[in-house]
Structure formats: structure tokens, C-alpha cells
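Here's a walk through a fold, one piece at a time. Have a look at the model first, and then we'll get into the details.

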Amino acid sequence: MNKIFGNDVEKLKNEGGYITSSEIYNQPSVWKDTLKIIDSKKDELKDFLDTILIKKNLRIIFTGAGTSGFIGDTVVPSIKKKLDVDVESIHTTDIVSEPETYLKKSVPTLLISFARSGNSPESVATIELARNLVDELYQVVITCNKDGKLAQNINPEMDKSIILPEESNDKGFAMTSSYTSMVLSSLMIFDLDNIENIKKDINKLFSIGEDLLNNTDLIETISNAEFKKIIYLGSGSFYGLSRESSLKLLELTQGEIVTKYDTPLGFRHGPKSIMDDETLIVMFLSSNEYTLKYEMDLLKELYNPDSKYKVLAISETKEIEIENLSHYHIALTDSKSSLDKAYLSIDYVIIPQIISVLKSINIGINPDNPSPDGSVNRVVKGVTIYPYNK
């Protein structure tokens, strides 16, 4: 391959951006290996989860820091619909600072911890706090690093660990394949009864991702436009996706591009004030017909063919009405999948990932190391964990 996303590979290797670009590009390959890992562990995981999910008053907490926290935000709306238990996404950064608010002593708790490196101080501290504060604690650790503290600190009698492919442990600054692989694996472990039936649709998602990554002309055009602000909007699982998309742009451009996130309905309640002529609004459209009604209303409100600000609509399938109400429209496929829409996140997020890396390169920042002064790090530094006296 001589080019990635329109950029010369040798130039990227010499000037920076090759690591992040290639990790974005190689995601479908990592997803295939992730599927194999979950498939190989499905019986073990099912036996483990079946004994826990029947517990009275069970609470499930999905947790992580930064992008790892946004994984929970992305998958929880889907998993809440499947389980008749209390399911929440609570970031480790919230739990560590106020553990008594989020951890309940007498409530049986399944903690699902996400981590790329497994070495973030808050992630390690959250597990220790949960062990000390919750009488009946079970854990599933999903991580990209077999040598990280989270993977090494497992109680085999009460916990399970899922070590994702080594390639998911992104070497670049930003979490890309680690995010999508952890989203995919967490959705599948709560779909184990149905996994044989959905493999065909999951593999179709992988093919869609490959097609998207090999046909990036429109994404390159959008990335080269002079937008100074990019706003991401999504409902339900796509709200978590919007948070992740916004963070990618913020990280890789060192904050040079103003970025915000919200829900389509929430956007009208004040945040819409940020719009100006140099704004790109990206809407992740739902495949749920009821939710889509509200999103289409906002598209109708925002779209003006002559406006200098632009709207990019991303949908599962190509729809004429959506195309007519947006300046740019990217559709994933010709036919709808039977999968829950949260699965679409792994393909949807490719678009903001590419926009982020290209914006970074275009403004002269190295996306592989966007913070060379060390003020922001690949694994967070400078966090002091204080003893908690219950």
C-alpha cells in the first residue's frame, strides 16, 4: 500500500501519522481475531455469567477512564434492553473520587472493566475500592494488554478476563482499534445465546468496515474543508459514540479544532449556540424508526443548501430523504442488519477517526504523538490515589 487515506505512506512514516493511520485501517482484521477469541471462550463465559445474572438485585457496572469509559456509554443502552437487571455505565474517574456514591455494599455487583493498557491509576483503584466496599463482587476485565495490572490482578474464583488481540493494544497515542474491539467483545458476551445466529451479520459489519476504509474520498474531502468546529450528535448508543468521536478530535488536534457532543434533542437546549459558518455537524442516525423521527426533525431544522456550515449525516442504509437533508451523506450498506444498532458503532466510528487523524496532519500536528511536551500521555500520569477509609 502506497497511500493511507490519501497520504503517502513513506511521508507518514517520516513525518508522523503512520502508526495511527495504519491502526485505524487495520481494525477489521483485529475485529476478526476478537470474534475468534469470544467464540472460543463462549461456553466458559456463558457458564460464568449465567450463575451471576440470576442473582436477586444484581447490578452491572461498565467502567473505564476516557475512551474506555465511553465503551460503557456506547454499549449500555443496548445491554439494558436485553437484561432485567440494573445496568449502568460509570467512569472510573467518577468512582475513584466518590466511591460511596457509586459502590453499594449490600448489592451484588458485576463490574465490567475496560482498559487498553490496564495500567491507568483510576482503573486499578476502582477494582480495589470495589473489592473493599462491595460484599459480593464479580468481575469481567476486558483489556488489550495481557501484561497490564488489570489482567494480572484477577481472582480466578470470582473473575474472568478477556485478553483481546495484541494488535488491539494501539501503539499510537489515541485509542482506535482498542475502542472498537472492546465495544464488539462486550456486546457479544451479552449475546452468547445468539452468537451463532449473528455471526453472519457480524462478519458483514467487518466487510462494510473494509469497504469504508478503502473508499475514503468523501471523508478526505470533508477533512480538508476549513472547519474550525465539529459537533457530533447521536442518540442512545450513538451518544456514547459521539463522546468518543469528540475526544478523538480533541486529542489528535491538541484542541485546535473546537469539538462538542450531544444528543439530537439535547442540542437545541443551548449547545446549538456554538454553531457558526465554520462548523461541521455530524449526525449518527439511528436505525430505530421511532428514534429516527426526532433525528430527522433536527436534520430538517439544520439543513440549508446555501449555508456555510455543513451537515454530515451517517446512516446504516442510503435514504433519499436523508441525502436531500444533508450536505454530505455516508451510508454503510444497502440493507439493514438484524443486529442491535450498538454494533454499528464499530463502523460508524471509522469516519470520525479518519477525520481526526487527517485534521491533525492538515494542521501540522503528529497524530502519533500529538502532545510531545508530555502534558497529556498515552497512559495517564500525575494521578495520586489516596487511601479510602470506609
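Let's start with threonine 333, which is buried because its relative accessible area is 14%; buried means under 20%, exposed over 50% and partly exposed in between, with a 1.4 Å probe and protein chains only. This residue sits in strand β12, residues 328-333. Helices (H or I, at least four residues) and strands (E, at least two) are DSSP runs, numbered from the N terminus. Setting aside neighbours within four places in sequence, threonine 333 is in contact with Lys204, Ile208, Glu316, Thr317 and Lys318, where contact means heavy atoms within 4.5 Å.

A quick word on the source: this is a predicted model, where local features need pLDDT of at least 70 and side-chain atom pairs count only at pLDDT 80 or more, while totals for chains, interfaces and linings use all residues. Residues are numbered from 1 along each chain as its sequence is written, and side-chain values use heavy atoms, with hydrogens and water left out.

Now for the sheet that holds β12. Five strands make up an open sheet, ordered β9-β8-β10-β11-β12 with parallel pairing; two strands pair if DSSP finds at least two bridges between them. Its edge strands, each pairing on one side only, are β9 (258-262) and β12. On average, neighbouring strands here are turned by 15° against each other, direction ignored. Axes are lines fitted to C-alpha atoms, for helices over the stretch in contact, and angles run from 0 to 180 degrees between N-to-C directions. Helix α12 (residues 217-224) packs on this sheet, touching β10, β11 and β12, and its direction makes about 150° with that of β12. Helix α18 (residues 350-362) lies across β8, β10, β11 and β12, at about 170° to β8.

There's another open sheet of five strands, in the order β4-β3-β5-β6-β7, also with parallel pairing. At its edges are β4 (86-89) and β7 (159-163), each pairing on one side only. Helix α10 (residues 177-189) packs on it, touching β5, β6 (137-143) and β7, and makes about 140° with the direction of β6.

| Strand pair | Bridges | Residue pair |
|---|---|---|
| β3 and β5 | five | phenylalanine 62 and isoleucine 112 |
| β5 and β6 | seven | serine 113 and valine 141 |
| β8 and β10 | six | isoleucine 231 and isoleucine 281 |

How many residues of β6 are buried? Seven of the seven are, so β6 is largely enclosed by the rest of the structure. Leu137, Gln139, Val141 and Thr143 point one way from the strand, Tyr138, Val140 and Ile142 point the other way, and all are buried.

Over in helix α8 (residues 121-133) you'll find valine 124. Valine 124 is partly exposed, because its relative accessible area is 21%. Not counting residues up to four places away in sequence, valine 124 touches Gly118, Lys149 and Leu150.

What does strand β11 (residues 310-317) give to the lining of the largest cavity? It gives three residues, the most of any contributor. By class, that lining has three nonpolar, four polar and three charged residues, and Glu316 and Thr317 are among them.

Technical notes. On a 1 Å grid over the protein atoms alone, a cavity is a set of points where a 1.4 Å probe fits but cannot get out, and a pocket is an open set with protein on both sides within 12 Å along at least five of seven lines; lining residues have an atom within 4 Å of a point. Ala, Val, Leu, Ile, Met, Phe, Trp, Tyr, Cys and Pro count as nonpolar, Asp, Glu, Lys and Arg as charged, and the others, Gly among them, as polar.
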